[in-house]
Amino acid sequence: MIFVGELSDLPVGESVRVQGTVPIAVFNVDGDLYAIDDTCTHQDASLSDGWLEDCAVECPLHAACFDLRTGMPSGPPAKTPVRTHQVVIADGVVHVVESVPASGAATGVRPGVQAGT
């Protein structure tokens, strides 16, 4: 498991970048936490620096949007999904369980979890 931090340090509408085998972005969407690979699949841009709207993040480079629940892009310019990862919260501490390697990204979708569960 990858340590993210205290739940209280990740306010609603914010994100944080942590290091797994690749960088991972963790987002707080109205109290639900989601984790995806941080690098846009269109070009090398940090999705944690993007704009969060509902349950999607918009890449800061070319406006590709990714669903935080599935990792799927909503349309061009990105065509390839990002991996999603399981978020675990225990005693107010947030961890990410990194999913399968990127080559299996399309087969293993992991939903986010609600804060406090």
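Me: Is E98 buried, partly exposed or exposed, and at what relative accessibility?

Reply: This is a predicted model. In it, E98 counts as partly exposed, with a relative accessibility of 22%.

Me: With which residue does the side chain of E98 meet in a salt bridge?

Reply: Side chains of opposite charge can pair when their charged atoms come close. Here the partner of E98 is R83, at 2.9 Å from N to O. E98 lies in the loop between β9 (93-97) and β10 (113-114) and R83 in the loop between β7 and β8, so the pair ties together parts that are 15 residues apart in sequence.

Me: Which residues are linked with R83 in a network of salt bridges?

Reply: The network links D37, R83 and E98. R83 also forms a salt bridge with D37, at 3.0 Å from N to O. Since R83 lies in the loop between β7 (65-67) and β8 (84-90) and D37 in strand β4, this pair ties together parts that are 46 residues apart in sequence. R83 is buried, with a relative accessible area of 4%, and D37 is buried at 10% relative accessibility.

Me: How many salt bridges are there by this rule?

Reply: The count comes to four. One of them joins D38 to R17, whose closest N and O atoms are 3.1 Å apart. D38 lies in the loop between β4 (32-37) and β5 (51-53) and R17 in strand β2 (residues 15-19), so parts that are 21 residues apart in sequence are tied together. D38 is buried, with a relative accessible area of 0%, whereas R17 is partly exposed at 46% relative accessibility.

Terms used: Residues are numbered from 1 along each chain as its sequence is written. This is a predicted model: local features need pLDDT of at least 70, side-chain atom pairs count only at pLDDT 80 or more; totals for chains, interfaces and linings use all residues. Side-chain values use heavy atoms; hydrogens and water are left out. Helices (H or I, at least four residues) and strands (E, at least two) are DSSP runs, numbered from the N terminus. Buried means under 20% relative accessible area, exposed over 50%, partly exposed in between (1.4 Å probe, protein chains only).
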